[in-house]
Amino acid sequence: MTSRSLVLTRQRFPDARMFEGGLHYGQLGEVGLSVASYTELRSSRTAKMIRRSDPDACHVSLIASGQQSIEQSGRTAVLGRGDLVVHDTSLPFEATVTSDDGPSRSVVLHVPRRLLPLRPPELTPLLAVRLPTARGVGRLLADSWPAWPPNTTGAPRRRPPGSPARRST
């Protein structure tokens, strides 16, 4: 499902019988938005996969719960609740999700590279780097992150776990 909806990847599971996951995906104009939840897994994207299918995009992920890591361009980001990370679909990567206390959850923006104000030399230093959301641009993004998927249960909407409360001015 991930390969069909987002980007071609290979998934490996420590115990496939115990795996649980879900994926919601939608479009906001040319930008995709997904919410994924999953138990423990390893995901990889190889050069061969990139040659076969490359959406030429960057993914900006907000970790809503759980522990994750991603390795790309010689760097590894170890991530937890409330962290942001950027990775490039045109470069190989290896990602790991651990689930000590239930499924992990991520909210991901899928941004076509041509919409980004940064060119590859400016973007590369930002790949696979933990971007905290306590202040600065990370705070701005986390505060404005959409509540998604849409609320279909009638229950009150909630912001992703770990995201700061909105401030009114």
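Visitor: How many bridges join S1 to strand S4?
Guide: Three bridges join them, and S1 and S4, which covers residues 41-45, run antiparallel. Strands here are DSSP runs of E with at least two residues, helices are runs of H or I with at least four, and both are numbered from the N terminus. Two strands pair if DSSP finds at least two bridges between them. Before we go on: this is a predicted model, where local features need pLDDT of at least 70, side-chain atom pairs count only at pLDDT 80 or more, and totals for chains, interfaces and linings use all residues. Residues are numbered from 1 along each chain as its sequence is written, and side-chain values use heavy atoms, leaving out hydrogens and water.

Visitor: Which residue in S4 is the bridge partner of Arg10?
Guide: That's Ser44.

Visitor: And what order do the strands of the open sheet come in?
Guide: Five strands line up as S1-S4-S9-S6-S7, with antiparallel pairing. Strand S1 (10-12) and S7 are at the edges with a single partner strand each, so one side of each has no neighbour in the sheet.

Visitor: What holds strands of a sheet together?
Guide: Strands of a sheet pair through backbone hydrogen bonds, parallel or antiparallel.

Visitor: Switching topic: what does the whole chain have in it, how many helices and strands?
Guide: Four helices and ten strands. Along the sequence the pattern reads α-β-β-β-β-α-β-β-β-β-β-β-α-α.

Visitor: How many aromatic pairs turn up in the whole structure?
Guide: One. Phe13 and Phe19 form a tilted pair, 4.4 Å centre to centre with 50 degrees between the planes. Rings of Phe, Tyr and Trp (its six-membered ring) pair if their centres lie within 6.5 Å; planes under 30 degrees apart are stacked, over 60 edge-to-face, and the rest tilted.

Visitor: Are Phe13 and Phe19 buried, exposed or in between?
Guide: Phe13 is partly exposed at 32% relative accessible area, and Phe19 is partly exposed at 29%. Buried means under 20%, exposed over 50%, and partly exposed in between, using a 1.4 Å probe and protein chains only. Across the chain, buried residues make up 41% of the 169 residues.

Visitor: Last one: what's the average pLDDT?
Guide: The chain averages 81, and 80% of the residues score at least 70. pLDDT is the predictor's confidence in each residue, from 0 to 100.
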